[in-house]
Amino acid sequence: MRDDANHTPESLPPGPGVGYKPQHYSDILADPGPVCWLEIHAENYMGDGGRPLAQLRHLAGRFPISVHGVGLSIGGEGRLDPEHLSRLAHLVGWLRPASFSEHLAWSTHEGAFLNDLLPLPYTQATLARVCDHIDELQEAIGRRMLLENPSTYLAFAESEMSETDFLREVARRTGCGLLLDVNNVFVSATNQQTDPRAYIDDFPIGAVSEIHLGGHDEDGDDEGAPLLIDSHGREIADPVWALLDHTLARSGPLPVLIEWDNDVPEWPVLAGEAARAARHLEKVAA
Amino acid sequence: MSGGISQAAFTKALLDPDRPAPASLTSPSGAPAGKRFDVYRNNVAVSLTEALGVAFPVVRKLVGDEFFTAMAGVFLRAHPPKSPILMLYGDQMPAFLEGFAPVRHLGYLPDVARLELMLREACHATDTRPIAPDALAAIPPEDLLSVRFSLAPAVRLLRSQWPVFSIWLANSEEGAPMPEMRAEDVLITRPGFDPAPQCLPAGSAAFIEALMAGASLGEALEKAEGDAAGFDLADTLALLLEGGAITSILTRDSET
């Protein structure tokens with residue numbers, strides 16, 4: 001199977017992909033529908049053996065794979081966990097995925113992994129640290145990574161620059177690419193009471209190699225202002241599809257991922273979301 | 001550089017719902033973050049509680065969902081994951097349950113957690129190729145007692161003073177019989193990808209325990225016969241062979 005995986009190209013195709021869930025294994029092999037690539041969470045494939053790795057080896061022979069890390073804590077104040085870096089290097093080494101991405105966030109403090117993508121103040125100190133960590137990661141895995149914009153729920157009094165300026169500077173200093181999560185843009189802009197289209201217009205779009213879409217939940221804060229939660233547990237909201245069109249009009253066709261991590265639906269529902277993404281991509285492909 | 005909140009302070013507030021959100025975190029209007037900070041608190045607690053629920057489904061069933069959620073909240077704050085690989089999160093659960101006063105009356109609970117932990121470890125253990133079921137037949141009878149076995153990395157053995165297998169089964173399979181009070185030994189093998197736990201007959205656990213420690217077949221046999229009368233060697237070897245638990249036979253000639 002490793003020989004099959006070697007045919008994987010070095011980039012994702014500019015079509016719809018889905019976040020892979022083991023319960024969809026047989027459905028995907030029987031009929032992937034419009035889905036032309038798959039994304040996995042790196043940390044779920046770091047066991048010594050068993051079914052997850054066997055499934056992944058098999059799928060990698062048939063689909064381009066994107067490896068998406070959710071646990072490196074690139075924004076962490078401490079140093080990157082050398083053991084986790086080598087696990088990532090091992091996975092990327094044998095799988096040779098079409099893409100590797102991680103988050104602009106932190107999740108580990110003094111050895112405790114908090115299992116959430118926690119927010120960062122956008123300061124010069126954060127910028128220097130994030131760039132150092134990305135350099136270290138790109139060195140460890142021997143390839144360029146993509147960095148994803150987060151969903152945020154609050155603001156840091158000490159922030160000195162906008163998120164788009166921060167990401168632009170990270171990409172410039174480290175040479176990394178960017179993963180633009182359009183749902184995160186909508187969630188953050190709503191929560192920060194800013195204009196999501198202005199965010200897209202200001203985003204360093206030339207560095208973007210992948211787009212994420214996912215569902216969110218609606219809530220409110222203590223003052224009754226809207227508070228959206230990035231839950232990945234339902235269909236993508238209509239305004240997010242509209243924001244995708246706005247994004248694709250700037251960027252041209254890109255690989256677009258449907259993320260659905262909680263209350264995961266039957267395969268036809270997920271494939272239906274991928275088909276919807278395909279229709280949005282077709283509008284810009286011409 | 002600029003002041004502001006450290007990740008140490010953020011983490012402390014994150015794991016303690018009684019603390020207010022750190023002061024430099026705000027809403028866009030500059031109001032205290034309040035409920036906005038709670039989103040992160042909630043993400044951490046809910047996602048780790050969910051991971052523990054998936055990891056220990058029978059423990060959860062035995063104590064009930066509501067109690068399990070409250071207990072998971074205590075556990076995850078005392079023992080947050082030490083790595084981002086959550087597939088094996090909860091290795092401290094058995095010891096935690098032993099010291100957790102509200103479940104002291106459920107003496108079997110720590111062993112149920114041990115069994116569930118072992119099942120997960122077996123799931124993710126290195127893949128190996130078992131020996132052929134008839135491979136032992138090729139060993140000359142006079143050499144048989146001196147052979148040693150390499151066992152698959154997925155093999156686990158749990159010896160309990162509780163009916164741990166029966167409790168696990170009764171809470172995992174519809175229509176399984178009610179547990180009777182007795183000590184039970186459980187062997188986990190992984191033929192293919194699905195761990196297969198089974199209750200062992202008398203003496204088998206002592207035998208397998210000795211093999212796992214590197215004893216020869218003869219030495220293991222002695223242990224088993226010392227442990228329980230009526231130990232059945234052929235049956236126990238058949239369990240191991242059918243479970244794909246033996247990956248190689250080391251004879252005196254093959255040992256290097």
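Two strands are taken to pair if DSSP finds at least two bridges between them. Helices (H or I, at least four residues) and strands (E, at least two) are DSSP runs, numbered from the N terminus.

The legends below describe a predicted model, in which local features need pLDDT of at least 70, side-chain atom pairs count only at pLDDT 80 or more, and totals for chains, interfaces and linings use all residues. Residues are numbered from 1 along each chain as its sequence is written, and chains are lettered from A and ligands numbered from 1 in the order in which they are written.

**Figure 1. The barrel of chain A.** Eight strands of chain A close into a barrel, with parallel pairing, in the order β1-β2-β3-β4-β7-β9-β10-β13. From one strand to the next the twist averages 30°; axes here are lines fitted to C-alpha atoms, for helices over the stretch in contact, and angles run from 0 to 180 degrees between N-to-C directions. Strand β1 (residues 16-19) and strand β13 (residues 256-259) of chain A run parallel and are joined by three bridges. Opposite Gly17(A) stands Leu257(A) in β13(A).

**Figure 2. Chain A as a whole.** Chain A has 10 helices and 13 strands. Its C-alpha trace spans about 50 × 40 × 35 Å along its principal axes.

**Figure 3. Helices α4 and α5 of chain A.** The axes of helix α4 (residues 82-95) and α5(A) come within 8 Å and cross at roughly 45°. α4(A) and α5(A) are therefore oblique to each other; angles under 35 degrees count as roughly parallel, over 145 as roughly antiparallel, 65 to 115 as roughly perpendicular and the rest as oblique. The crossing of α4(A) with α5(A) is right-handed. A crossing is left-handed if the near helix is turned anticlockwise from the far one by less than a right angle, and right-handed if clockwise. Leu85(A), Leu88(A), Ala89(A) and Val92(A) in α4(A) are in contact with Leu137(A), Ala140(A) and Ile141(A) in α5(A), where contact requires C-beta atoms, placed from the backbone, to lie within 7 Å. By class, this contact of α4(A) with α5(A) has seven nonpolar, no polar and no charged residues. Ala, Val, Leu, Ile, Met, Phe, Trp, Tyr, Cys and Pro count as nonpolar, Asp, Glu, Lys and Arg as charged, and the others, Gly among them, as polar.

**Figure 4. Helices α5 and α6 of chain A.** Helix α5 (residues 124-141) and helix α6 (residues 163-174) of chain A have axes that come within 10 Å and cross at roughly 40°. That makes α5(A) oblique to α6(A). α5(A) passes α6(A) in a right-handed crossing. On the α5(A) side the meeting residues are Leu127(A), Val130(A), Cys131(A), Ile134(A), Asp135(A) and Gln138(A), and on the α6(A) side Phe166(A), Glu169(A), Val170(A), Arg173(A) and Thr174(A). Six nonpolar, two polar and three charged residues make up the contact of α5(A) with α6(A).

**Figure 5. The contact between chains A and B.** Chain B contributes 43 residues and chain A 42 residues to the contact. On the side of chain B that touches chain A, α1 (7-15), β1 (25-26) and α2 (35-55) of chain B each supply at least two residues. α2(B) gives the most to this side, with nine residues. By class, the side of chain B that touches chain A has 23 nonpolar, 16 polar and four charged residues. Strand β8 (residues 155-156) of chain A pairs with β1(B) in the antiparallel sense over two bridges. Thr26(B) in β1(B) is the bridge partner of Ala155(A).

**Figure 6. The open sheet of chain B.** Three strands of chain B form an open sheet in the order β3-β4-β5, with antiparallel pairing. β3 (156-160) and β5 (196-199) of chain B are the edge strands, each pairing on one side only. Neighbouring strands of this sheet are turned by 20° against each other on average, direction ignored. Strand β4 (residues 184-189) of chain B runs antiparallel to β5(B), joined by four bridges. Val186(B) stands opposite Cys199(B) in β5(B). Helix α8 (residues 204-212) of chain B packs on the sheet and touches β3 and β4 of chain B, its direction making about 135° with that of β3(B).

Definitions and conventions: Contact = placed C-beta atoms within 7 Å.
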